[in-house]
Amino acid sequence: MRILIYGAGVIGSLYAVLLKETGYDTTIYARGHRLEVLQNQGLLYKKNNIIKKVDIKVIDHLQDNDIYDFIFLTVRENQLYQALKELKSNKSKTIITMVNSIDNYEKWESIVGKGKILPAFPGAGGSITNNILDASLTPRIIQPTTFSEITGKKTNRTQRLSQIFKHSCIPFQQVNDMHIWQLCHIGMVVPLANAYYQTEHPESVGQDKVIMKKIARELKDNFKILYDNLHTLSPYKMNIFLNTHNLQKQSFLSLFVLCF
């Protein structure tokens, strides 16, 4: 099992650590200053307030015949199309696009080839400070690593990917429609981000009843619009914002999500 992490930011670095420590043959693709740091220092990360190091193969160029079982594409959305163009000639069969985007998957396949794209979304967050990764996975109840085939079907490669995540202790879920999941994700995170922007004290925004009620309304309105157009929500737990009529309960739910 050969795995390439294409992108050495927070998300890519964290998944690289988790997969490498589990024993998978893991390579990370990097450029610029991050490439130099990884080549000279290795991948440094913080765990239980202790700085550790994982020695991992680092490349800055991908040969066409350098074939991996899975390529995890962990770049920002504005870097996506450049990365896909760089990957289009590589003979690997599966590119897991861990990108925050509601773009059309057919556009991505038109670049790299039909059937190569396996859309996904990371369940992680953190930072890199002084070249040291300080990141963690989000709790399963909030946001596990999420993925699906474009068709929504369970396939041999989604089963293999599930086993990789399971062995690496990475919470995961396979959904029926990744595009719908991404739309619902946007419907949730935009109001929550607004809550932080609307206060001078983001660390205590959950105690502001006025803001929480406003966010509750925005969440309910967003999911109602999405449900009216899509006729379903993903994950299913988002339906709770439709079924709760009491605004006070909605505010509590908003606070619950915000706290994580």
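I began with helix α7: at 1.5 Å a residue its 22 residues should span 32 Å, and its end C-alpha atoms are 31 Å apart, which agrees. The expected span here is 1.5 Å times one less than the number of residues. Helices (H or I, at least four residues) and strands (E, at least two) are DSSP runs, numbered from the N terminus.

A note on what I am looking at: this is a predicted model, where local features need pLDDT of at least 70 and side-chain atom pairs count only at pLDDT 80 or more, while totals for chains, interfaces and linings use all residues. Residues are numbered from 1 along each chain as its sequence is written, and side-chain values use heavy atoms, with hydrogens and water left out.

**Entry 1: more on α7**

Which residues of α7 are buried? I found Ile211, Met212, Ile215, Ala216, Glu218, Leu219, Phe223 and Leu226. Buried means under 20% relative accessible area, exposed over 50%, and partly exposed in between (1.4 Å probe, protein chains only). A reminder to myself: an α-helix has 3.6 residues a turn, so residues three or four places apart point the same way. Just past the end of α7, His231 has a positive phi of about 65°.

I then moved to Asn239, which sits in the loop between α7 (209-230) and α8 (240-243). Is Asn239 buried or exposed? Asn239 is buried, at a relative accessible area of 11%. Leaving aside neighbours within four places in sequence, Asn239 is in contact with Tyr227 and Leu233; contact means heavy atoms within 4.5 Å.

**Entry 2: helix α1**

Helix α1 covers residues 10-22, 13 residues in total. From first C-alpha to last, α1 reaches 19 Å, close to the 18 Å expected. Its buried residues are Ile11, Gly12, Ser13, Leu14, Tyr15, Ala16, Val17, Leu18 and Leu19. Gly23 follows α1 with a positive phi, near 115°.

**Entry 3: strand β2**

I picked Thr27 in strand β2 (residues 25-29). Thr27 counts as buried, at 0% relative accessibility. What does Thr27 touch, not counting residues up to four places away in sequence? I listed Ile3, Leu4, Ile5, Lys57, Ile59 and Tyr68.

Ile186 belongs to helix α6 (residues 178-197) and is partly exposed, with a relative accessible area of 30%. Beyond its neighbours within four places in sequence, Ile186 is in contact with Asn100, Ile102 and Pro191.

Asn131 lies in the loop between β9 (124-129) and β10 (132-137). Asn131 is partly exposed too, with a relative accessible area of 23%. Setting aside neighbours within four places in sequence, its contacts are His33, Arg34, Val37, Gln41 and Leu44. Asn131 and Gln41 are 90 residues apart in sequence and 9.0 Å apart in space, C-alpha to C-alpha.

**Entry 4: the whole chain**

I finished by zooming out. The chain has nine helices and 12 strands. Its radius of gyration is 19 Å, close to the 18 Å that the globule rule gives for 260 residues, so the chain is as compact as a globular protein of that length. That radius is taken over C-alpha atoms, and the rule is 2.2 Å times the number of residues to the power 0.38. Of the 260 residues, 49% count as buried.
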